[in-house]
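Subject: Handing over the two-chain model

Hello,

Here is the structure I promised to pass on to you.

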Amino acid sequence: MQTFVGVLLLGLAAALGSTFMPQIRVFSGMPDLVLLLVLSMAVFNPLERAVAWALIGGIFQDMLSIMPLGASAVGLVLMVFFIDWVRGQVFRIGLLTLLGVTVISTAAQKIILLIVSALVGLPIRPLETAAYVILPTIVYNVIFLFPVYWLTRRLSRARAVPKT
Amino acid sequence: MNSGLSYRRSWRANRGLFLFVTLMACAALIIASRVGLLTPFEDAFAAPLNAISAVFNRVAFRINASAGELAQLQALQRRNAELEEALAQFQAELVELREIASDYQRLADLLDYTSAARSMEFVTAEVIAFDQNAIFRTISINRGTRDGIAVGMPVVTRQGLVGRVIQVSATAARVMLVTETTSSVSGRLQTTRAEGAVFGAPNGNLIMSMIPLDAEVREGDLVVTSGLGGGFPADLVIGQVTSVRPAENGLSQEAQIRSLIDFDTLEFVLVVTNFQPVDLSVFDQVGRN
């Protein structure tokens with residue numbers, strides 16, 4: 001995927017995440033489009049490039065959040081490395097494997113954000129966050145993974161077509 | 001060329017080091033952002049992102065409103081009937097309240113007292129984004145220090161209290177909603193004057209706790225800010241009591257409050273610019289010393 005397209009997609013996902021997605025909030029959970037996009041990009045791109053997407057996506061997210069810059073990137077970077085590790089364990093990362101990774105990543109990303117929040121002195125409520133934020137977000141992310149994965153695969157294949 | 005390729009290969013081979021360096025970069029970003037070193041960068045880059053979000057938000061509200069209009073037609077008809085019934089009741093109460101207001105006005109004039117609400121100065125702001133991070137309930141507005149916005153200023157709508165400003169840049173500000181679980185506001189029941197603390201529930205509603213056991217709390221009672229603690233002006237509407245029960249410790253009562261504001265579809269808010277929150281932290285330090 002071209003750099004410009006990737007940055008544009010991540011910016012768009014961050015903007016959608018702070019405008020359209022809160023309209024469909026269940027309790028406090030809503031789809032995390034940036035996370036889904038970074039996970040899907042990590043499947044179709046080499047590690048270095050995926051890490052760059054994770055950093056850019058995380059910065060976009062923090063620009064539109066109370067969190068300090070870089071806080072969301074920590075979780076996203078770890079998830080990219082997790083996908084890289086999974087890639088070494090299985091023959092191919094398909095949609096089913098990615099579904100499992102998404103469930104783990106969503107929970108891990110929120111837990112990492114809670115830890116970062118606590119470290120920088122922001123007040124947190126872990127049990128309530130688990131029940132009212134993490135669980136509904138997992139359900140949403142599993143649903144939204146399909147269109148995001150489809151889009152990322154199409155864009156990656158379009159890029160991979162050799163020039164004649 | 002070859003050295004470049006081998007350099008990249010060594011990076012790939014040493015994933016642990018790569019991960020460590022990346023995480024250190026993230027940590028450096030967090031620290032720099034927290035101490036304010038990145039504020040000019042954040043302001044510069046947040047401006048276009050906020051502008052895009054503002055456009056998206058308007059579109060989202062339009063779509064939401066259109067979809068809602070169709071789906072809620074029946075609900076609106078029912079609601080209309082209820083409101084007509086309530087209106088008849090309120091008209092009777094209005095006559096009575098006008099009598100009380102005229103009495104109050106006479107007494108207030110005698111005391112040379114000016115109502116706080118009447119002396120408030122507002123800046124109207126558009127909601128441009130909701131917090132990306134679902135853990136915290138905050139909104140971004142398109143007014144900043146250039147418009148006289150400062151940290152701590154209360155934010156309201158015609159329906160009542162929205163929250164308070166917690167971060168501010170030149171052109172935008174971030175507002176912590178009263179529905180945020182870590183937010184706390186001193187509240188008072190309008191009818192019985194019983195006091196309590198109002199904070200956000202995880203499901204997005206409000207809870208008023210620490211209401212004295214002997215205080216009478218009824219469904220429909222209006223809850224307003226008490227002004228205690230100096231964080232908010234008194235008499236801003238917070239919401240209406242929907243249910244009440246004894247607190248788990250058995251020493252007080254706890255009421256569920258429903259705000260009259262739909263926080264997920266906020267479009268415009270008013271920032272109270274002439275209210276100076278009282279900083280009580282100095283007394284905590286004195287207490288510790």
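The crossing of α3(A) and α4(A) is right-handed, a term used when the near helix is turned clockwise from the far one by less than a right angle, with anticlockwise being left-handed. Helix α3 covers residues 47-63 of chain A and helix α4 residues 71-89 of chain A, and the two pack at an angle of about 155° with their axes 7 Å apart. That angle makes α3(A) roughly antiparallel to α4(A), since angles over 145 degrees count that way, under 35 as roughly parallel, 65 to 115 as roughly perpendicular and the rest as oblique. The axes are lines fitted to C-alpha atoms, for helices over the stretch in contact, and angles run from 0 to 180 degrees between N-to-C directions. Helices (H or I, at least four residues) and strands (E, at least two) are DSSP runs numbered from the N terminus.

Some background before you read on: this is a predicted model, in which local features need pLDDT of at least 70 and side-chain atom pairs count only at pLDDT 80 or more, while totals for chains, interfaces and linings use all residues. Residues are numbered from 1 along each chain as its sequence is written, chains are lettered from A and ligands numbered from 1 in the order in which they are written, and side-chain values use heavy atoms, leaving out hydrogens and water.

Next, the salt bridges (a side-chain nitrogen of Lys or Arg within 4 Å of a carboxyl oxygen of Asp or Glu). A:D84 is buried at a relative accessible area of 11%, whereas B:R15 is partly exposed at 35%; buried means under 20%, exposed over 50% and partly exposed in between (1.4 Å probe, protein chains only).

Within chain B, B:E254 and B:R245 meet in a salt bridge of 2.8 Å, N to O. Here B:E254 is buried at 18%, and B:R245 is partly exposed at 48%. B:R143 and B:D147 form another salt bridge, with 3.4 Å between the closest N and O atoms. A network of salt bridges also links A:R25, B:R137 and B:D264.

On the surface, B:L17, B:F20, B:V21 and B:M24 form a nonpolar patch with about 370 Å² of accessible area together. Patches are made of residues with over 30% relative accessible area and no salt bridge, joining like charges within 9 Å and nonpolar side chains (Val, Leu, Ile, Met, Phe, Trp, Tyr) within 5 Å. The areas come from the Shrake-Rupley method with a 1.4 Å probe, and for residues only the protein chains shown count as cover. B:M24 is found in helix α2 (residues 15-35) of chain B and is partly exposed at 45% relative accessibility.

Finally, two backbone details. Most residues other than glycine have a negative phi. B:R193, however, has a positive phi of about 65°; B:R193 sits in the loop between β6 (184-189) and β7 (195-200) of chain B. B:D235 has a positive phi too, near 70°, and is placed in the loop between β9 (222-225) and β10 of chain B.

Best wishes
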